[in-house]
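Here are my notes on this one, as numbered points. Have the coordinates open while you read.

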Amino acid sequence: MSISKLNKFLCYLVLILLSILCLISFYLLIINSTRAHSEIQKGFSFNFGDFFDANLKNVLDNDQLPVLKGIRNSLFVSIGTAILATYFSVLTAFSIHTYDFKFKRLAFTFIMMIMMVPPQVSALGFIRWMGELDLMDSLIPLFLPSIASPIVFYFMLAYMQSNLPKATIEAARMDGSSEFRTFNLIVLPIMKPAIAVQAIFTFVSAWNNYFIPSLIIRSAEKKTLPILIAQLRSADYLKFDMGQVYMLIFLAIIPIIVVYIILSKYIVRGVAVGSVKE
Amino acid sequence: MKKFKKIIALTLVLIMSLSLVACGNDTNEVATPPDGSSDTSTDPTPDTIAEEGKVLNIWGWNDEFKGLYERYFEGAGKLPDGIEVKFTIVPNDDNAYQNALDEALLNQKSASDDEKIDLFLVEADYALKYVDSDYTLDIINDVGLTEEDISGQYKYTQEIVTDSKGAIKGTSWQATPGLFAYRRSIAKDVLGTDDPVEVQEALSTWDKFYDVAGNAHGKGYKMLSGYDDSYRTFSNNTSSPWIDNDGSIIIDNNIINWIEQTKEFTDKGYNNKSSLWDDQWAADQGSEGKVFGFFYSTWGINFTLLGNAVDTPLPDGVTATGDPEAFEAATTGNGVFGEYGVVEGPQNYYWGGSWLCAATESDNLDLVQEIMRTMTCDADTLTTITKDTQDFTNNIDAMEALSKDDNFASAFLGGQNHISLFAESAKGIDMSNISPYDQGLNEDMQTSFRDYFNGTVDYDTALDNFYRAAIEKYPDLKRPK
Amino acid sequence: MKTSKKSKSISYAKWGYIFLIPFFTIYIIFSLIPLVSTFYNSFFENYMSGLKQIGPNFVGLENYKTILFDTELPKYAYNTLLIWILGFIPQIIVSMVLALWFTSVRLKLKFTGFFKTVIYMPNLIMAAAFSMLFWTLFSDIGPVNNLLVAMGYEPISFFQNINATRGLVGLMNFLMWFGNTTILLMAGVMGIDSSILEAAQIDGASSWKTFWNVTIPSIKPILVYVFLTSLIGGVQMFDVPQILTNGSGGPDRTSMTMIMYLNKHLFSKNYGLAGALSVILFLITAIISFIIYKNLTEKGPKEKIDSNKKISVKGGGK
């Protein structure tokens, strides 16, 4: 009994230490968003500053910095990415999982091979090509490409292989359901936990993506949050204010935490559904 | 049916790849003109009518100029009716500003009139990249400013934007001469005086500077904070540009001097091993700091140095140029406020500044000319800017006048009039050895040799790393034989 | 029955193609075309000198020769691999342990909801912001050094020290991703049919043996996924070391990753060299993906589906 108590104690100790490690950057972030630029510049302190209101006001009042539009754009792009990436990855995985066709192996091998290709590799060609498609300064190239997300596809396929028996599909066919209908009404619900997991992953990565938007977006009304943060960071000496930078990072993180907390319930529930049998 | 689909899919891929190869071939050609957003209500045939465009496009990496423009040009009622001024701001991070600007300039010919860039901002370190190209206009012969308009500007601000044929292709509202800001208490302790004239005398050459550093060290102080504190004073005073005629990198003797001095300072403990802008550097300027002085520039005094010097940050909105009573209340007895003095130091140099360039193909040249004249040549406007912001502006007569104005004594500098010091040193700056590669090469030099100073690598490795980094950035450069 | 099934599967095959159309269309438009143009450019001398375009001049394999023999690419590949391993090993161990703790019936830990939420949170911060914060923590006069001094040690210049810089990048990667991995592994562990575990326990297998012989094989697909995605993240590692070292990959370029190096060529719009480097990176990554996939799954997708059927029939239905 005492040994198991000791064990438990150790578990909690490790968990608390890890939690501190995880939360410390949030703590730093909040502290820094309450401090003046000159305080931040001179190094970190564990005490809160008096500049929360001033920083917030400066960020929101800065008419060069359309924060609310930025949040809206980021939300649009991230939600679009999450929906497209998950829906079409399930669809693609469904194709590979369910059907037998001649080029299945080839298609599968191809997706596996392109999975690792870093986006930077084709960046130069990408900008030129988007220019020719007249898609510069447009939000479309920020979310539409996520229809082809090899990593999400791979996750969906793995999940499908252990959770979607072919018999289920056969049964739907017997009932006269069309393939597309089967996919939407039977396959998608089964995939819900996997979709929730990947929706978070893709949402977060789209929300925080700076690289592609920095190549594409020019006009103020289309900027996403990471671009606005970068813009603050390259402010001139007269205006350079790390207090504002941290404040904007702080503001940028709130919506994502909300989304995370909403979706994380789904994950826990989804995972629980899988283990109901015990 | 199945085969048919297969064939379609394959041909699709093939066609796309081929069209791509085709695109690859004519990379010099410009893209098809995007005209989606052009306003249908505006004049559709601008080719025949030499009329001013309706939209003036200004590009920059931050909103500094936008603020000045709105206050001193638009705010002064100088913007003609019916013209819209559109600012495009692309941040500097990851070189994004220059990438975007380059892309836009290369497509300038085919862009619709309302999208053509008219004015754009550049920094000194890469100004020549644009100035020495066909994408910028001569401000005299093309834009229409007169020699007289720009005669009041500091010479070096013109040298930075003079192309290889001698044409001036940019203009600035600022001059940003550098200086050396010292802690009065430490100067008294080390030199026995904090009088600017005597301190300048003690620091007027690098040899004297070195001696003072030794004395300061003996009394427990550091002469400088970091490795690259003094870099610009050396790099601005080289005897040749960074590259020779066939593209080989030349490391000037003055750069070698910087390396040797900094290595010696580091090994002897004369500096605090920090880097510009890092927290150690900033903290060294505060009340806990034990550093003799800092190389600074016009803009740095009232913003950066002042902010670092006080213990309690000034309340939001309180500045040296704002409400004097609030400023006094917030600064009295705060940290080392009033504890700094400024002198020219061993060599003249400049640090910072932004220039305005007019873009080729601009369809608003008259307005561009007017903005340039008001914002960068007009003595009254520039005097007002200096009075409002304490920023040092690019007009010799105006600055000389202010330097005699006792109202410009800076409380932060213990009553010194820094404008008069700047006005003196700005005239001595010689930037004729600037090259289009300065930004990258200066950066790489500082970064690569940091490892040498702190002992991570030897001299040859640091030099090798410098050449590597330099040629990655500028593939047309070569190592010297 | 058998014959009819065959004819059916032929008529259904077209749906396999139809459902692949969106993926491949989008991939071709947004990724393949830029990629092919990148490949094409790798055979040319083609870069920007200021605003002047140099080239394109056909140079054959010259760019590849430069990248392979004149640069320190092996060093950057080694940096990337090392930093990735520094983050991945603690990541997989800690995540595995946490996943077992969280799912353990015997331990019955409380507040797991809280812990599960918290350990994922570092992943929500932008990598760039996370790096900025870490930089302030470990700077020369940051809290960590203050602590060291208070305990009587010499302060450490973390970012002028090769091991410390690499270690910090590894630590940050670990912190950013271990929560993510824990969630995935938990899902895997909870999906294991409890009767198999019970059977093993009845047979008298030790908990270590059960873990090694039952748990690990059962969650293999998830492990493969975690390994693969982490490796991808490793190969693509950029933001964290870029911001932490201010783009220099210092000290002495020992934390320069392959993508940071590629980024250097993007700066100069060096289509030629960046293209050649991209092709090399593409080949490396494609080969790695393929080998891992082949080795770790043993079977192709077709067979796997069949073998999984056995397991999933039991617990799959609602």
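1. Starting with chain C: among its contacts between residues at least 6 apart in sequence, 67% join residues at least 24 apart. A contact here is two residues with C-beta atoms, placed from the backbone, within 7 Å. The chain has 14 helices and two strands, with helices (H or I, at least four residues) and strands (E, at least two) taken as DSSP runs numbered from the N terminus. Of its 318 residues, 49% count as buried; buried is 20 or more other C-beta atoms within 10 Å of a residue's own, exposed is 12 or fewer, and partly exposed is in between, again with C-beta atoms placed from the backbone.

2. Before going further, some housekeeping. This is a predicted model: local features need pLDDT of at least 70 and side-chain atom pairs count only at pLDDT 80 or more, while totals for chains, interfaces and linings use all residues. Residues are numbered from 1 along each chain as its sequence is written, and chains are lettered from A and ligands numbered from 1 in the order in which they are written.

3. Now the boundary between chains C and A. There, 85 residues of chain C are in contact with 75 residues of chain A. On the chain C side, α1(C) gives the most, with 19 residues. That side divides into 58 nonpolar, 24 polar and three charged residues, where Ala, Val, Leu, Ile, Met, Phe, Trp, Tyr, Cys and Pro count as nonpolar, Asp, Glu, Lys and Arg as charged, and the others, Gly among them, as polar.

4. On to the cores. The largest nonpolar core has 176 residues, and M156(A), L248(A) and I249(A) have the most contacts inside it; such a core is a set of buried Ala, Val, Leu, Ile, Met, Phe, Trp, Tyr and Cys residues joined through C-beta atoms within 7 Å. Helix α7 (residues 162-190) of chain C gives the most to this core, with 15 residues. A second, separate core has 106 residues, including W173(B) and W355(B). Back in chain A, M156(A) touches S89(A), V90(A), A93(A), M191(A) and A194(A), leaving aside neighbours within four places in sequence.

5. Chain B comes in two pieces: domain 1 (55-175 + 352-403) and domain 2 (178-349 + 406-473), with bounds from an automatic or database domain assignment. Their centres, taken over C-alpha atoms, are separated by 28 Å. Across the boundary, 20 residues of domain 1 of chain B are in contact with 24 of domain 2 of chain B. By class, the domain 1 side has nine nonpolar, four polar and seven charged residues.

6. Have a look at strand β4 (residues 178-183) of chain B, where six of six residues are buried. Both faces are covered, with G178(B), F180(B) and Y182(B) on one side and L179(B), A181(B) and R183(B) on the other. β4(B) pairs antiparallel with strand β7 (residues 293-297) of chain B over five bridges; pairing means that DSSP finds at least two bridges between the strands. Four bridges join β4(B) to strand β8 (residues 340-343) of chain B, also antiparallel. For landmarks, G178(B) stands opposite S297(B) in β7(B), and A181(B) has V342(B) as its bridge partner in β8(B).

7. Why does T233(B) count as buried? Because T233(B) has 22 C-beta neighbours inside 10 Å. T233(B) lies in helix α9 (residues 231-235) of chain B. Leaving aside neighbours within four places in sequence, its contacts include G178(B), F295(B) and Y349(B).
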